[in-house]
Structure formats: structure tokens, C-alpha cells
Amino acid sequence: GTTGYIDRQGNIAIEPKFDYAQNFKNGKALVRNRGQYGFINQDGDFIIEPQYHDAKSFSDGLAPVQQNKRSNWGYINQKGIFDIQPQFEMAHAFSEDMALVQTSEHKEWGYISTSGKMIISAKYPQAKSFSEGLAAVQLGYKQWGYINKNGAVVIESKFLEAQSFSEGKAVIAMPVDNDNLEQKKFGYINKQGKIIIEPVYE
């Protein structure tokens with residue numbers, strides 16, 4: 001099947017002709033056409049022709065793209081020109097002026113600025129994008145904690161899983177008991193790292 005867009009009245013605004021289509025964001029949408037990703041405007045015209053093996057939405061004027069299956073990820077501007085050259089094993093969209101990237105050398109995660117400068121060094125085995133000033137990262141013993149935008153640990157690593165903050169709280173997972181680290185129970189913490197909804201079995 002193909003995907004298109006309807007307006008608020010339910011009328012077809014852009015004919016279904018894409019293999020895949022994301023929602024519009026700042027007047028642009030990421031679509032896939034014949035297996036290649038590109039970007040359209042609200043008239044359905046391509047502003048960046050489908051040419052990428054993979055891509056993610058624009059944020060802060062930049063979009064992460066991968067030109068072919070084996071190439072590194074970089075960031076294009078709204079003209080389709082690389083502002084940050086392909087150099088990353090994996091790359092996420094910018095969030096709060098920082099983007100989560102995985103280095104191709106050590107496969108570790110860090111954070112870059114919109115100029116492409118690494119501002120929180122790539123040292124995390126796993127990590128998530130910034131939200132409400134904090135990012136969940138995997139620290140010692142494969143446990144998750146949270147860092148601030150200076151890279152300082154502000155919530156110690158003690159969680160089996162940790163999601164991004166939303167409206168001042170984040171979902172975390174704790175072990176059911178210390179003898180069984182595989183079985184998880186889920187609860188919520190606040191931005192001080194205090195449990196506000198006790199973990200229960202999931």
C-alpha cells in the first residue's frame with residue numbers, strides 16, 4: 001500500500017504515492033519513495049529528492065541521513081547539503097540543540113552540537129536523546145542513570161531501564177529483587193531521581 005496525506009476536513013491533500021511517510025514538521029515531511037528517503041513540502045513536491053538509504057526528520061534545521069547501506073551517517077541542511085559530514089555509525093535527530101551519535105571507531109555514544117562538535121564525549125555503551133535538560137545513559141554495570149547538558153551525572157545509575165523525561169517524570173525499571181536482575185518492575189522518578197510512583201511488576 002501507499003501513503004498520502006489528508007487535510008483536517010478529511011480530504012486528500014497529497015495523493016497516496018509514498019512507500020512510507022512521516023507527519024509534517026516545520027513544513028517538511030520525511031517520505032520514502034521506491035525505497036529511497038527524501039523530503040517533501042506541504043504541496044507534496046520534493047524539496048530534497050529521494051536519494052538516501054535511511055533518514056530521520058529535520059530538527060534545528062538539520063536532518064540525519066545515510067546515503068547507502070554501508071555509509072556513515074551525517075547531517076544535511078534544508079538545501080540537502082551536508083553541514084556535518086558523514087562520520088557516525090548511527091545518528092539521531094537534534095533535541096534541545098544536541099544530537100545523540102554513535103562513533104564509528106568504538107561504537108560508543110556521545111552528543112554533538114549543531115556545528116558537529118562533540119560536546120559530551122562518546123563514552124556510553126547506550127544512551128538516549130536529551131529531554132527536559134536530562135538524558136538517560138548507560139553507566140557502570142550496564143545500569144542507567146541521567147546526565148545534564150554538561151555531561152555531569154545528576155541521577156546515579158541504578159536502573160535496569162530508563163526512558164526520557166516528559167512533564168517532569170520518567171519511566172524507570174528496577175529489578176524485582178537482587179537475586180533476579182532479569183525480571184523488571186516499572187515505576188516513575190522525578191528529576192531529582194526520587195521515585196514518585198513505586199515500581200510494580202510489568
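This is a predicted model: local features need pLDDT of at least 70, side-chain atom pairs count only at pLDDT 80 or more; totals for chains, interfaces and linings use all residues.
Residues are numbered from 1 along each chain as its sequence is written, and side-chain values use heavy atoms, with hydrogens and water left out.

The protein contains zero helices and 20 strands; helices (H or I, at least four residues) and strands (E, at least two) are DSSP runs numbered from the N terminus. The C-alpha trace spans about 55 × 40 × 25 Å along its principal axes. Of the 202 residues, 39% are buried; buried denotes under 20% relative accessible area, exposed over 50%, and partly exposed the range in between, with a 1.4 Å probe and protein chains only. The accessible area of the protein is about 11200 Å², of which carbon and sulfur atoms supply 44%; areas come from the Shrake-Rupley method with a 1.4 Å probe, and for residues only the protein chains shown count as cover. Among contacts between residues at least 6 apart in sequence, 24% join residues at least 24 apart, a contact being defined by heavy atoms within 4.5 Å.

An open sheet is formed by seven strands in the order β7-β8-β9-β10-β11-β12-β13, with antiparallel pairing. Its edge strands are β7 (54-55) and β13, each of which pairs on one side only. Two strands are taken to pair if DSSP finds at least two bridges between them. In general, strands of a sheet pair through backbone hydrogen bonds, either parallel or antiparallel. Strands β12 and β13 run antiparallel and are joined by three bridges. W109 has Y124 of β13 as its bridge partner, and I112 stands opposite M118 in β13. The hairpin of β12 and β13 has five residues between the strands, and G116 in this hairpin adopts a positive phi near 95°.

Within strand β10 lies F88, which is buried at 4% relative accessibility. Apart from neighbours within four places in sequence, F88 is in contact with N72, W73, Y75, V101, Q102 and I112. The C-alpha atoms of F88 and I76 are separated by 13 Å, the two residues being twelve apart along the chain.

S113 is located in the loop between β12 (109-112) and β13 (118-124) and is buried, with a relative accessible area of 14%. When neighbours within four places in sequence are set aside, the contacts of S113 are I84, F94, D97 and I119. D97, in turn, is placed in the loop between β10 (82-91) and β11 (99-103). The phi of D97 is near 70°, a positive value in a residue other than glycine. Most residues other than glycine have a negative phi.

A further open sheet consists of three strands in the order β14-β15-β16, again with antiparallel pairing. The edge strands are β14 and β16 (153-159), each pairing on one side only. On average, neighbouring strands of this sheet are turned by 25° against each other, direction ignored; the axes are lines fitted to C-alpha atoms, for helices over the stretch in contact, and angles run from 0 to 180 degrees between N-to-C directions. Four bridges connect β14 to the antiparallel strand β15 (residues 144-147), with A136 opposite Y146 in β15. From β14 (residues 135-138), A135 and V137 point one way and A136 and Q138 the other, and all are buried. Strands β15 and β16 also run antiparallel, joined by three bridges, and W144 stands opposite F159 in β16.

The hairpin formed by β14 and β15 has five residues between its strands. Y141 lies in the loop between these two strands and has a positive phi of about 55° although it is not a glycine. Y141 is exposed, with a relative accessible area of 81%.

On the surface, Y188, I196 and I197 form a nonpolar patch with about 250 Å² of accessible area together. Patches are made of residues with over 30% relative accessible area and no salt bridge, like charges being joined within 9 Å and nonpolar side chains (Val, Leu, Ile, Met, Phe, Trp, Tyr) within 5 Å. A salt bridge is a side-chain nitrogen of Lys or Arg within 4 Å of a carboxyl oxygen of Asp or Glu. I197 belongs to strand β20 (residues 195-201) and counts as partly exposed, at 42% relative accessibility.
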